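Morning, everyone. I have one structure for you today, and I will walk through it from the overall fold down to single side chains. Here it is.

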Amino acid sequence: MSSPFFSLPGFSKGIAADFYSGAAETLAGTKTIGDADGQILKLDPNGSARDVLLPAEGNVDPAGRMYAIVNAADAAENLVVKDDSGTDTIATISQNEAALVYNVGTSGGTESSWVLICLLQIALS
């Protein structure tokens with residue numbers, strides 16, 4: 001039986017690429033997500049709120065792109081997920097939360113925007 005979640009465009013690209021490293025990345029400033037990043041990102045804001053910039057909509061594969069972003073903070077520190085310009089906030093991820101964001105890519109030359117699919121409360125071990 002196939003899952004509609006795993007059939008979403010852009011999800012299979014993450015499985016074929018560096019899907020998840022398993023280790024938290026400790027941030028010292030703004031994190032700009034690039035093609036070398038996995039699609040599951042475990043980020044530690046490291047003592048301060050940090051911006052996380054998503055890839056430019058025009059650079060998203062026409063098949064779409066999805067990211068799961070986990071806040072691995074050890075205190076009350078937020079990750080503020082924004083578009084590539086840094087002006088539009090997509091989600092604010094508090095300690096012990098994760099967000100799933102998605103972009104459907106381009107269709108007929110029209111770029112789509114990043115959208116928040118869900119914000120989840122989590123328990124990290």
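Read along the sequence, the pattern of the protein chain is α-β-β-β-β-β-β-β-β-β-β-β. That makes 1 helix and 11 strands. Helices (H or I, at least four residues) and strands (E, at least two) are DSSP runs, numbered from the N terminus.

Some ground rules. This is a predicted model, so local features need pLDDT of at least 70 and side-chain atom pairs count only at pLDDT 80 or more, while totals for chains, interfaces and linings use all residues. Residues are numbered from 1 along each chain as its sequence is written, and side-chain values use heavy atoms, with hydrogens and water left out.

Now the whole chain. It has 125 residues, and 39% of them count as buried. Buried means under 20% relative accessible area, exposed over 50%, partly exposed in between, with a 1.4 Å probe and protein chains only. The protein chain exposes about 6,500 Å², and carbon and sulfur atoms supply 52% of that. These areas come from the Shrake-Rupley method with a 1.4 Å probe; for residues, only the protein chains shown count as cover. Next, contacts, meaning heavy atoms within 4.5 Å. Take those in the protein chain with a separation of 6 or more: residues 24 or more positions apart account for 55% of them.

On to the sheet. What is the strand order in the open sheet of 5 strands? It is E1-E3-E5-E8-E11, with mixed pairing. Two strands pair if DSSP finds at least two bridges between them. The edges are E1 (25-26) and E11 (115-121), each pairing on one side only.

E1 and E3 (residues 40-44) run parallel, joined by 2 bridges. Glu25 has Leu43 in E3 as its bridge partner. Thr26 stands opposite Asp44 in E3. E3 is mostly covered, with 4 of its 5 residues buried.

Next, the core. A nonpolar core here is a set of buried Ala, Val, Leu, Ile, Met, Phe, Trp, Tyr and Cys residues joined through side-chain atoms within 4.5 Å. The largest one has 17 residues, and those with the most contacts inside it are Leu54, Tyr67, Ile69 and Val81. Which elements give two or more residues to this core? They are E3, E5 (65-71), E6 (79-82), E7 (89-93) and E8 (97-103). E7 gives the largest share, 3 residues. As background, nonpolar side chains tend to be buried together in soluble globular proteins.

Stay with Tyr67. It counts as buried because its relative accessibility is 1%. Leaving aside neighbours within four places in sequence, its contacts include Ile33, Leu41, Leu54, Ala99, Val101 and Trp114. Arg65 also sits in E5, and it is buried at 5% relative accessibility. The side chains of Arg65 and Tyr67 make a polar contact of 2.9 Å. A polar contact is a pair of N or O atoms within 3.5 Å; within protein, one must be able to donate a hydrogen and the other to accept it, and residues adjacent in sequence count only if both atoms are side-chain atoms.

Aromatics. Rings of Phe, Tyr and Trp (its six-membered ring) pair if their centres lie within 6.5 Å; planes under 30 degrees apart count as stacked, over 60 as edge-to-face and the rest as tilted. That rule gives 1 aromatic pair. Why is the pair of Tyr67 and Trp114 called tilted? The ring centres are 5.9 Å apart and the planes sit at 40 degrees, so tilted it is. The pair links distant parts of the chain, 47 residues apart: Tyr67 is in E5, and Trp114 is in the loop between E10 (110-111) and E11. Trp114 is buried too, with a relative accessible area of 5%.

Two last residues. Asp37 lies in the loop between E2 (31-32) and E3. Is it buried or exposed? Buried, at 19% relative accessibility. Its side chain makes a polar contact of 2.9 Å with the side chain of Lys31. The Asp37 side chain also reaches the backbone nitrogen of Gly34, at 2.8 Å.

Then Leu53, in E4 (residues 50-53). Leu53 is buried, with a relative accessible area of 15%.
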